[in-house]
Amino acid sequence: MSLRASSSVPFRLQRSELVVPGSNLGMIESAARSQADYVLLDCEDSVVSDKKDQARSNVISALNEIDWKQAGKTVSVRINGLESRHMYWDVCKIIEKAGDHIDTFLIPKVGSPEDVHAVEKLLSIALLDSGITRRVGLECLIETALGLVNVEAIARLSCATGSRLEALHFGVADFSANCQSRSLAIGETGHLWHPSLQRMLIACRAYGLRAIDGPYGDFSDAQGYIDIAKGAVAMGYEGKWAIHPAQVDLANQVMSPAIAEIEQARKILDALDQAQGSGQGAASLDGKMIDAASGKMAANIINKSLAIAEKSSA
Ligand code: GLV
Ligand code: MG
């Protein structure tokens, strides 16, 4: 018998993650009014070098001045990478000045478990120094060949006592560049990355993390976004980035079970209940065999729809 991996990742709805450059206060303010489940305030690649300090102070003001909880959002900050001196100041200053308002940090270009340990240590010291006891989570971008080679070991960190790790994101733009893919598009050729997406998803599911699909660059191509997002959700992903406000509703729509799916899931659970009442583990519904595994798939859909309904009624 295998040992069951256990992690204590808090539940958060993360269907849509709207990414906004920390250097643009106007975009941050409108992100707070959007329908996104998550807002990612970026200090990394969407911010040029000479605006890094300004972006960090905008992020600090936005964390303090906007009521993200009231707006129904989880708020996350993408720090600079481990090779950058800005990473140190992102973690220390944001915790010192706004540590009571941030939910998670997203670490870009994670290559190994040691990268996560380094940020986890720095974050824990910054929290201690500021006397902050509330939990601040960590999320990682898997967007290099090295990160993918080590993805299982990275995901397994969530099983360590006190781990802050909650989610992995597949960063298709940097991943394409790092793999030297002969392409200039961001995330528009889903099938190309299918094995890598699948590998990250399995690592997430094995160790209890949320799996989030990254950007789709052509924000005027709604159908293209929907097609890629549908592939991700069918695989098991629970959310996708929106690099433009127009993509938020698309992500929410694809990542939420449709009414017909919920009704079918209920029918499956009812049919299985009846079958069990007469001593059968399997049953037939609409000409198809269903069994305990169908019941688990149906329960996933019902649970997701309940979580969404809870958020909408909050
Ligand atoms: C995200 O950061 C990406 O590189 O896709
Ligand atoms: Mg990237």
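**View 1. Backbone contacts to ligand 1.** A backbone N or O atom of Val-172 sits 3.1 Å from an oxygen atom of ligand 1. The model shown is predicted. For Ala-173, a backbone N or O atom lies 2.8 Å from an oxygen atom of ligand 1.

**View 2. A side-chain contact to ligand 1.** Arg-78 places an N or O atom of its side chain 2.8 Å from an oxygen atom of ligand 1.

**View 3. The shell around ligand 1.** Which residues are around ligand 1? They are Arg-78, Leu-141, Glu-143, Gly-171, Val-172, Ala-173, Asp-174, Pro-215 and Trp-241. Sorted by class, five are nonpolar, one is polar and three are charged. Which helix gives the most to this shell? Helix H7, residues 172-178, does, with three residues.

**View 4. Packing of helices H9 and H10.** H9 spans residues 222-235, and H10 spans residues 246-255. The two helices pack at an angle of about 35°. Their axes are 9 Å apart. Is the crossing of H9 and H10 left-handed or right-handed? The crossing is right-handed.

**View 5. Residues at the H9 and H10 contact.** From H9 come Ala-222, Tyr-225, Ile-226, Ala-229, Lys-230 and Val-233. They meet Gln-247, Leu-250, Ala-251, Val-254 and Met-255 of H10. How many residues of this contact are nonpolar, polar and charged? Nine are nonpolar, one is polar and one is charged.

Methods: Residues are numbered from 1 along each chain as its sequence is written. Chains are lettered from A and ligands numbered from 1 in the order in which they are written. This is a predicted model: local features need pLDDT of at least 70, side-chain atom pairs count only at pLDDT 80 or more; totals for chains, interfaces and linings use all residues. Side-chain values use heavy atoms; hydrogens and water are left out. Axes are lines fitted to C-alpha atoms, for helices over the stretch in contact, and angles run from 0 to 180 degrees between N-to-C directions. Helices (H or I, at least four residues) and strands (E, at least two) are DSSP runs, numbered from the N terminus. A crossing is left-handed if the near helix is turned anticlockwise from the far one by less than a right angle, and right-handed if clockwise. Contact means heavy atoms within 4.5 Å. Ala, Val, Leu, Ile, Met, Phe, Trp, Tyr, Cys and Pro count as nonpolar, Asp, Glu, Lys and Arg as charged, and the others, Gly among them, as polar. A residue is near a molecule or strand if one of its heavy atoms lies within 4 Å of it. A polar contact is a pair of N or O atoms within 3.5 Å; within protein, one must be able to donate a hydrogen and the other to accept it, and residues adjacent in sequence count only if both atoms are side-chain atoms.
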